[in-house]
Amino acid sequence: MTVRATVVGVGHYLPERIVENAVFAQGLTGITEDTIQLDTSDEWIRSRSGIERRHFAAPGQTTSDLATRAARAALDDAGLAADDVDAIVLATSTADLTFPSAATMVQAQLGMTRGFAFDVQAVCAGFIYALANANALILSGQAKRVMVIGAETFSRIMDWTDRGTCVLFGDGAGALILEASEGDGTNADRGILSTDLNSDGRFRDILYVDGGSSTGTTGYLRMEGKEVFRHAVEKLAATATTAMEKVGMTPDQIDWVVPHQANIRIITGTARKLGLPMEQVVTTVQDHGNTSAASIPLALSVGKERGQIKRGDVVVTEAIGGGLAWGAVVLRW
Ligand code: UT7
């Protein structure tokens, strides 16, 4: 018998406020003290990124608030209570405070009085890293049930004068619950079948936030979009292929690709490189924008809600972000 980390619940939460692309040119209020007005257009944002709208957290609403809402939805979906979970692994780059972790704040908000909780920070690849870590906790016997959350409030780290970045990101959260189950060690098992993690710190300067202990401020996101784009398709296709190869799978055995939702052109380019049609790709970028570590659990939850991802389907999920850090997970839902 082989231990597998199997999905038993999924859920998400999106803040109520939806901002359509056109609002950036018309004047966006309620985010900063001044009205944000950008020299941009719905046409530019849509054609360059595929994004049509995004959700923004309300003033005072934090990453742990969004994460707790998603966590409750996942617990409901699994029919579990918070104390049935042994660990919370939360992927975020926008924790409420420098410390303690957003994960421990979620633990408190859920009323969970046992187990342990910690954050994982691998920017947009954070959820893939969190899944791989949760899988390792389960396979090593350190936990039987792990809640894996991706949650972000990127609206709080935007430079609202930089039209090249601030129109691309949104806020949200998604959560999965993984449970130890017994499989027979083949690809017919439900659960996580393989993981592949990569990073290369030489690319620090193409995507970073210019704050932290080096400045004593929170800072703002800085991105050389074209450079990140150049790495994305190639590295995403490579990591997805490696994750499949680790368990002897080929693209024709895949039911769904659930990519990080940064840019529709990256998503279509990667699918094309993998030889998979867009009919097998879950896309939410049009409605959510880039929600960094939250984008994959949001897409998994929405994909299930839409009736796309069904029990027994093979899902390949992949992401890349600041670091650079990238990776992929193959799982049977
Ligand atoms: O999730 C983490 C990983 N991040 C990503 O995957 C993002 C990867 N990069 C991208 O998605 C794309 O590079 C962007 C969507 C960021 C940009 O698309 P692009 O086709 O690479 O455009 P660009 O940056 O080369 O900009 C083209 C032009 C520039 O004008 P000039 O210099 O050609 O005259 C920009 O100034 O578009 C201009 N521009 C804008 N125009 C209207 C940049 N931002 C905007 C804007 N509205 N919001």
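This is a predicted model: local features need pLDDT of at least 70, side-chain atom pairs count only at pLDDT 80 or more; totals for chains, interfaces and linings use all residues.
1. A disulfide here is a pair of cysteine sulfur atoms within 2.5 Å. The structure holds zero of them.

2. Residues are numbered from 1 along each chain as its sequence is written, and side-chain values use heavy atoms, with hydrogens and water left out.

3. Are C124 and C166 buried or exposed? Buried means under 20% relative accessible area, exposed over 50%, partly exposed in between (1.4 Å probe, protein chains only). C124 is buried at 7%. C166 is buried at 0%.

4. Helix α5 covers residues 126-139. Helices are DSSP runs (H or I, at least four residues), numbered from the N terminus. From first C-alpha to last, α5 reaches 20 Å, close to the 20 Å expected. The expected span is 1.5 Å times one less than the number of residues.

5. Eleven of the 14 residues of α5 are buried, so the helix is largely enclosed by the rest of the structure. Among them are F127, Y129, N135 and I138. After α5 comes G141, with a positive phi near 80 degrees.

Terms used
Helices (H or I, at least four residues) and strands (E, at least two) are DSSP runs, numbered from the N terminus.
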